[in-house]
Amino acid sequence: GVPPFIATMGSQIICRGLALLIADGRPINGLSDSFVWLGAGSIGLLPIPVIFMIISAIITWYLMKYTKTGRHIYAVGGNAQAALVSGIKTKRIKLFVFMFEGVLCAIAGMVLTARVSSGQPSLGEGFEMDAIAGAVIGGVSLSGGVGTIYGVVCGALVIGVLNNGMDLLNIN
């Protein structure tokens, strides 16, 4: 019964605390070269993180555009009560969305850890706001039911370019 945004932020705080506890507040070094390759390697001209992003975007785009589950996700996001009345198993759809999002976040966490060659308990703090901003810039409604994967990718690229540009210009 807790709103998903609140549940996600609460879970995030709990997981960050567990990461600090497990790592004793220190970075974990000595990661294997094959793991570090996930963040620093490339296939041809494409870096591995870009390949992961392209593959996950294509899978998500296909899921949302061409499957019944994707249509149900839009319906539940737009109006969960109307979706329930029309026969959609809203709890199952919400569970699937949280599980899918969790898998994507786990992959992103592994790639980020591999990219910096260190398991830092505080790594990625603030990225959730970049993700939300990128989604909103890409046309996703925070109340749900509206948005496209193409828009999200474009919004994420805008945020990435802005962050990189500000880093290069030494802007805090």
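The axes of helix 3 and helix 4 (residues 68-78) cross at roughly 80° and come within 5 Å of each other. That angle makes helix 3 roughly perpendicular to helix 4. What you are looking at is a predicted model, and the protein in it has 8 helices and 2 strands. Let's start with this crossing and then look around the rest of the structure.

**Where helix 3 meets helix 4**

- Two packed helices are described by the angle between their axes and the distance between the axes.
- On the helix 3 side, the contact is made by Leu63, Met64 and Tyr66.
- Helix 4 brings Lys68, Thr69, Gly70, Arg71, Ile73 and Tyr74 to the contact.
- Sorted by class, the contact of helix 3 with helix 4 has 5 nonpolar, 2 polar and 2 charged residues.

**Aromatic rings**

- How many aromatic pairs does a search of the whole structure find? The search finds 3 of them.
- One of these is formed by tyrosine 62 and tyrosine 66, with 5.5 Å from centre to centre and 35° between the planes. This pair is tilted, because planes under 30 degrees apart count as stacked, over 60 as edge-to-face and the rest as tilted.
- Tyrosine 62 and tyrosine 66 are 4 residues apart in helix 3 (residues 48-66), so about one helical turn separates them.
- Both tyrosines are partly exposed: tyrosine 62 has a relative accessibility of 47%, and tyrosine 66 has 48%.
- Another pair, phenylalanine 96 with phenylalanine 100, is stacked, with 20° between the planes and 5.9 Å from centre to centre.
- Why does about one helical turn separate phenylalanine 96 and phenylalanine 100? The reason is that they are 4 residues apart in helix 6 (residues 90-116).
- Phenylalanine 96 counts as partly exposed at 31% relative accessibility, and phenylalanine 100 is partly exposed too, with a relative accessible area of 24%.

**Cysteines**

- How many disulfides does the structure hold? The number is 0.
- For cysteine 15, the nearest cysteine sulfur is that of cysteine 105, 10 Å away. Cysteine 15 is therefore in no disulfide, since a disulfide needs two cysteine sulfur atoms within 2.5 Å.
- Cysteine 15 is partly exposed, with a relative accessible area of 49%.
- Cysteine 154 also counts as partly exposed, at 29% relative accessibility.

- Where does threonine 148 sit? Its place is in the loop between helix 7 (127-137) and helix 8 (149-168).
- Threonine 148 has a relative accessible area of 44%, so this residue is partly exposed.
- Along the chain, threonine 148 and arginine 71 are 77 residues apart, and their C-alpha atoms are separated by 12 Å.

**The whole protein**

- Reading along the sequence, you will find the pattern α-α-β-β-α-α-α-α-α-α.
- The C-alpha trace spans about 55 × 40 × 35 Å along its principal axes.
- The protein has 172 residues, and 20% of them count as buried.
- Among contacts with a separation of 6 or more, 56% come from residues 24 or more positions apart.

Methods:
Residues are numbered from 1 along each chain as its sequence is written. This is a predicted model: local features need pLDDT of at least 70, side-chain atom pairs count only at pLDDT 80 or more; totals for chains, interfaces and linings use all residues. Side-chain values use heavy atoms; hydrogens and water are left out. Rings of Phe, Tyr and Trp (its six-membered ring) pair if their centres lie within 6.5 Å; planes under 30 degrees apart count as stacked, over 60 as edge-to-face and the rest as tilted. Buried means under 20% relative accessible area, exposed over 50%, partly exposed in between (1.4 Å probe, protein chains only). Axes are lines fitted to C-alpha atoms, for helices over the stretch in contact, and angles run from 0 to 180 degrees between N-to-C directions. Angles under 35 degrees count as roughly parallel, over 145 as roughly antiparallel, 65 to 115 as roughly perpendicular and the rest as oblique. Contact means heavy atoms within 4.5 Å. Ala, Val, Leu, Ile, Met, Phe, Trp, Tyr, Cys and Pro count as nonpolar, Asp, Glu, Lys and Arg as charged, and the others, Gly among them, as polar.
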